[in-house]
Structure formats: C-alpha cells, structure tokens
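Me: I'm new to this structure. Could you pick one part and take me through it slowly?

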Amino acid sequence: MKKIIICEDSKLHRKKIKDFIKDIIAKNNYAYTLALVTGNPNEVINFSKENQNDKNIYFLDIDLKSEINGIKLAELVRINDLYSHIVFITNHIEMSFLSFKYKIQATDFISKDNFTSIKNNIYECLEYIHNTFISLEKNKTNQLIIKCNNRIINIEQENILFIESSTKNPHKLIIHEKNRQLEFSGSLKEIFIQLNNDFYRCHRAFIVNTKKIKEIDKKNRLIHLINGETCISSFRLIKGLLKELPYKKLN
C-alpha cells in the first residue's frame, strides 16, 4: 500500500488537501493511505529515513515558513526515498525549474489557484500515479534502478552476474556485470526485493544470477560464473541452490 505524506504550513490548505485526498482514495478504492500530515519539514525527513525506497507519495508546499523550503525538503526526501513521487502544491509555480536543477524529478506541480482546481489536479495526479503503477506491474522492464555517485542508473537485470557486499567499504555493494563493476550504497536485503526470480541469495554477502552460473563446486562452496569470476555460498544455502539447478559439480 502506498503511503501519502502532506507537508503544508497553512492549516487551512493542509486540512483541505488532506480531505481531498481522503475523498479521492475512498471514491476510487486506491491502495493508498495517509501516513503523515504535517507542517513540519523535519517530520517528513524523518519519515523518509524510516520508510526508505517504499515508493511513497509526497505532496509538498514550496514556501513552508521554515529554514527548509519545499525544494530542499524534496531533495532530502529523494536521497532517502529514491523511488518516491513528489508533487508540489504551491503559489510559486515559477520555481519549478529548481526541480530540474536539483534533480528532484517532480511528478507534478499544482498551483494554488482555488480549492476546486487543487482537488481536480490532485485527482489527476493520483490517477496518473495509479495507472503508471499498474502499467509497470503488467509490463515490468526487468531493470534494477540504483543510485551511484549522484547518478541514477538503470541496469538490465539479465546483464548482472552477481552482487556482493564490499569488504573494503561498509554499507557498499558491488554489482558484477560481464564487462564492468559498479559500487554503490545499499543493502543486499533491499536490493534482493527488487530482483526477479532468477536471483538467489546464496550467502549473507552474495546474490547470484542463476542464469549466469557455469558450474558449482559443492565441496568448496564456490559458484563459477560464465565470465570466469567466482562467488561463494554458505553450506546451508548451496543445498537449496543445487536442488533448483541441474548444474554439474566440480571435483
């Protein structure tokens, strides 16, 4: 279920936006829930840290009467919640260019013209997000999206041989493709959720693409990949891998 977060300093607008969203959710039976309604940007930042990469929906004002404006808030949210939808509801549409400057990738900008217009635009925005989600579920691109050195990179999952936890840099992962390696911040647990059924968690520090395995050495718990690289498996998990795959064991 997608979580919706509202950050608006005006009590009147905050209540109206909350009521509009509740009404739209109820009438359209969307799998959304209002998780946070606040005028405090710090509460939103903390929420994004606690709900990382959950594909949440943030409705943010730009002028929050705070040391943190909506643009800066969105930038901080994007760091924690990479796959979120960010929607600005504001009197300052002219500041929309800043979303490109700071690579926020806003889903929409809604002007505070009048409450009827706001409600209609929120409806269209939530409908777009809903339809996009349904479309992606039906036509998965089989891509893994990662943030690497302030860049967002799409990687075809079929090109990944294995993923490992870095031994040199804590909290870093390394993706091994046939001809390149990419290091980025993340956890194997979070990445594994995004991967398709071709991938197997063979060790607490390794995830392997079963379609890229050449041979398995059960005795030494080594998995040999098609490009000559190897990764290791735990004793317990290699048993599960061998049950699923008819690969020849090495002597």
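Reply: Happy to. Serine 233 counts as buried because its relative accessibility is 0%, and buried here means under 20%. Keep in mind that this is a predicted model. Serine 233 sits in the loop between strand S15 (230-232) and helix H7 (235-244). A polar atom of the serine 233 side chain lies 2.9 Å from the backbone oxygen of cysteine 202, and a polar atom of that side chain is 3.2 Å from the backbone nitrogen of isoleucine 238. Setting aside neighbours within four places in sequence, serine 233 is in contact with Cys202, His203, Arg221, Ile223 and Ile238.

Now let's turn to helix H2. In H2 (residues 41-50), the residues Pro41, Val44, Ile45, Phe47 and Ser48 are buried. They lie on the same side of H2, because they cover an arc of only 160° around the axis. As background, an α-helix has 3.6 residues a turn, so residues three or four places apart point the same way. The buried residues of H2 pack against strand S1 (2-7), strand S2 (32-38), strand S3 (57-60) and helix H3 (70-80). At the N-terminal end, asparagine 40 caps H2, with a side-chain oxygen 2.9 Å from the backbone nitrogen of asparagine 42.

The strands under discussion belong to an open sheet of five strands, ordered S2-S1-S3-S4-S5 with parallel pairing. Its edge strands are S2 and strand S5 (108-111), each pairing on one side only. H2 lies across S1, S2 and S3, running at about 140° to S2.

Note on methods. Residues are numbered from 1 along each chain as its sequence is written. This is a predicted model: local features need pLDDT of at least 70, side-chain atom pairs count only at pLDDT 80 or more; totals for chains, interfaces and linings use all residues. Side-chain values use heavy atoms; hydrogens and water are left out. Helices (H or I, at least four residues) and strands (E, at least two) are DSSP runs, numbered from the N terminus. Buried means under 20% relative accessible area, exposed over 50%, partly exposed in between (1.4 Å probe, protein chains only). A polar contact is a pair of N or O atoms within 3.5 Å; within protein, one must be able to donate a hydrogen and the other to accept it, and residues adjacent in sequence count only if both atoms are side-chain atoms. Contact means heavy atoms within 4.5 Å. The arc is that of the directions from the helix axis to the C-beta atoms. Two strands pair if DSSP finds at least two bridges between them. Axes are lines fitted to C-alpha atoms, for helices over the stretch in contact, and angles run from 0 to 180 degrees between N-to-C directions.
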